[in-house]
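Hi,

Here is the structure I promised to pass on to you. Have a look at it first, and then read on for what I found in it.

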Amino acid sequence: MRKPIIAGNWKMNKTPAEAAALVNELKPLVADAQCDVVVCVPAVDIAAAVDAAAGSNIKVGAQNVHWAKSGAYTGELSADMLVAAGVEYVVIGHSERRQYFGETDRTVNQRVLAAVNAGLKAILCVGEMKEVREAGATDGLVDFQTIMALNGLTAEQVQDVIIAYEPVWAIGTGLTATDEQANETIGVIRKAIARKYGQECADKVRIQYGGSMNPKNVKGLMAQPEIDGGLIGGASLKAADFSLVVNYDK
Ligand code: PGA
């Protein structure tokens, strides 16, 4: 009943010309996808990606958004700017932003509120570091990150947020959570949403897995009942790989 959603996170890769080329290459390969298909691109690639994706089933996302409407925030982009540029989705709270750029649960929450109120679909990232999993504190952490990030949204708004569960130790490392680990922790996230926003809302929220997801492991992960899609880094940079992930059910 939840439509799967597979999103590429290009991170800091591709020039505008390369972005257009990749989207053009992807279009025929994912045209029959049963899931929602999104590419989250660097800000300078948005215009090229939106142009190339026009008329196709590929939607374009950004990789961050600021919470203010406008103002003295050098280097940042507002939600209204992204909407005006043709963006429909935005990644918020990626672990790389949290680790390297001082993103906190509070700023993640501010960004989520701004994005949702502007009509963007937020892809909210949560997930634990290796030490947290080893200490047995994963469930408490992802529960906390989820509740804090969504604070201030109505249940109706929460239904449209996409959550990406990304164990930090699995990102870019080639290590993947086992199908069961990913399913179990995503179940914990869904329970947290049910506790605060009700079961009906929790049943509608799409929760992706992210962390070294690729053409080889996608089928096993997607067969898990709690997993509604993927946020794909490395394997989203080549049309052949990304389209195999998108077409995992073929
Ligand atoms: P990866 O990245 O697929 O390269 O591990 C996933 C992500 O960071 O979203």
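The side chain of Glu 128 reaches the side chain of Tyr 165 through a polar contact of 2.8 Å. Please keep in mind that this is a predicted model. Glu 128 has another such partner: a polar contact of 2.9 Å links the side chains of Glu 128 and Trp 169. You will find Glu 128 in the loop that runs between strand 5 (121-126) and helix 6 (130-134). Is Glu 128 buried or exposed? Its relative accessible area is 0%, and because buried means under 20%, Glu 128 is buried. Leaving out residues up to four places away in sequence, Glu 128 touches Arg 133, Thr 138, Leu 141, Val 142, Tyr 165, Glu 166, Pro 167, Val 168 and Trp 169.

Next, the ligand. It is surrounded by 13 residues, and the closest are Lys 11, His 94, Glu 166, Gly 172 and Ser 212. An N or O atom in the side chain of Lys 11 is 2.8 Å from a ligand oxygen. With Ser 212 and Gly 234, the backbone takes part instead: a polar backbone atom of Ser 212 is 2.7 Å from an oxygen atom of the ligand, and a backbone N or O atom of Gly 234 lies 2.8 Å from a ligand oxygen. On its own the ligand has 280 Å² of accessible area, and the protein covers 95% of that.

Most residues other than glycine have a negative phi. Ser 212 is not a glycine, yet its phi is positive, about 55°. Ser 212 sits in the loop between strand 7 (206-210) and helix 11 (218-222), and it counts as buried at 19% relative accessibility. Lys 14 is another non-glycine residue with a positive phi, about 85°. Lys 14 belongs to the loop between strand 1 (5-9) and helix 1 (16-30) and is partly exposed, at 28% relative accessibility.

What lies at the centre of the packing? The largest nonpolar core has 70 residues, and Val 39, Leu 124, Leu 150, Ile 163, Ile 193 and Tyr 209 have the most contacts inside it. Helix 9 (residues 179-197) gives this core its largest share, seven residues. Apart from neighbours within four places in sequence, Ile 193 is in contact with Thr 146, Leu 150, Val 158, Ile 163, Gly 198, Cys 201, Ala 202 and Val 205. There is also a second, separate core of 11 residues, with Tyr 89, Cys 125, Ile 162 and Ala 164 among them.

Last comes helix 5. Its 13 residues reach 18 Å from the first C-alpha to the last, close to the 18 Å expected. The buried residues of helix 5 are Thr 107, Val 108, Asn 109, Arg 111, Val 112, Ala 114, Ala 115 and Val 116. Their cover includes helix 3 (79-84), strand 4 (89-92), helix 4 (95-100), strand 5, helix 7 (138-150) and helix 8 (155-158). Thr 107 has a relative accessible area of 16%, and its side chain makes a polar contact of 2.8 Å with the side chain of Glu 103. After helix 5 comes Gly 119, with a positive phi near 95°.

Happy exploring!

Methods:
Residues numbered from 1 in each chain as written. Predicted model: local features only at pLDDT ≥ 70, side-chain atom pairs only at ≥ 80, totals over all residues. Heavy atoms only, no water. Core = buried A, V, L, I, M, F, W, Y, C linked by side-chain atoms within 4.5 Å. Buried < 20%, exposed > 50% of the residue type's maximum accessible area, 1.4 Å probe, protein only. Helix = DSSP H or I, 4+ residues; strand = E, 2+ residues; numbered from the N terminus. Contact = heavy atoms within 4.5 Å. Near = heavy atom within 4 Å. Polar contact = N/O pair within 3.5 Å; in protein donor to acceptor, adjacent residues only side chain to side chain. Areas by Shrake-Rupley, 256 points an atom, 1.4 Å probe, with all protein chains shown as cover. Expected span 1.5 Å × (residues − 1).
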